[in-house]
Amino acid sequence: SNPGEVREGPLTGVRVLAREEELGRELVKSLTPEQAKKAIVPGDAPKEMLTAQERKVNPLTPDGLPDSELNDAQKKLLKTIMEEYLMRVRPDIAREELEAIKKSGAPVHFVWMGGKERGEPHYYRVQGKTFVLEYDNVQNGANHVHSVWRSFDGDFGRDILGEHVKAEHK
């Protein structure tokens, strides 16, 4: 969304993806110095989503801070971030995805890049065995928001028809 926040006119103050931004910021600000060493990547936030517009994506590195090293309040916050993204789709799809994450038994990691204050360019990622979600607000003076949830095994960018043609109609 560009702008991410309306800064003039009758809708001044309206923010797109405000909850996603604030939840990520709340989590990064809650980290202890020890946790921050694993979660925060030094340097500037990337100018674009790291998964870009690739049809298929793979896990990104660095992994970041695993949920096993979060306290209970931080774990709840991480889960809230994931649910904020997932609950945009049909409830049955969201429940299926949450169940797959839980069944995988794999840790979910959190990564932050860039500034921690509103108006500073920043990026965060939540990644598990089956998915990655990315949020960035870097461009246009940190007022141009990108956000995505991707599945490593056939997300909405998967070319199912192309796979069928390739496999069945050689």
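## The main core

Let's start inside this predicted model. Its largest nonpolar core has 26 residues, and Met82, Phe110, Tyr124 and Val126 touch the most other members. A nonpolar core here is a set of buried Ala, Val, Leu, Ile, Met, Phe, Trp, Tyr and Cys residues joined through side-chain atoms within 4.5 Å; buried means under 20% relative accessible area, with a 1.4 Å probe and protein chains only. Helices H1 to H4 and strands E3 to E6 each give two or more residues to this core, and H3 gives the most, with six.

In general, nonpolar side chains tend to be buried together in soluble globular proteins.

What does Tyr124 touch? Leaving out residues up to four places away in sequence, its contacts (heavy atoms within 4.5 Å) include Glu20, Ile81, Phe110, Trp112 and Tyr135.

## The whole chain

The protein has six helices and six strands, taken as DSSP runs (helices H or I, at least four residues; strands E, at least two) and numbered from the N terminus. Along the sequence they follow the pattern α-α-β-β-α-α-β-β-β-α-β-α. Buried residues make up 38% of the 170 residues. The C-alpha atoms fill a box of roughly 55 × 40 × 30 Å along the principal axes.

## How to read this

Residues are numbered from 1 along each chain as its sequence is written, and side-chain values use heavy atoms, leaving out hydrogens and water. Local features need pLDDT of at least 70 and side-chain atom pairs count only at pLDDT 80 or more, while totals for chains, interfaces and linings use all residues.

Notes. Buried < 20%, exposed > 50% of the residue type's maximum accessible area, 1.4 Å probe, protein only.
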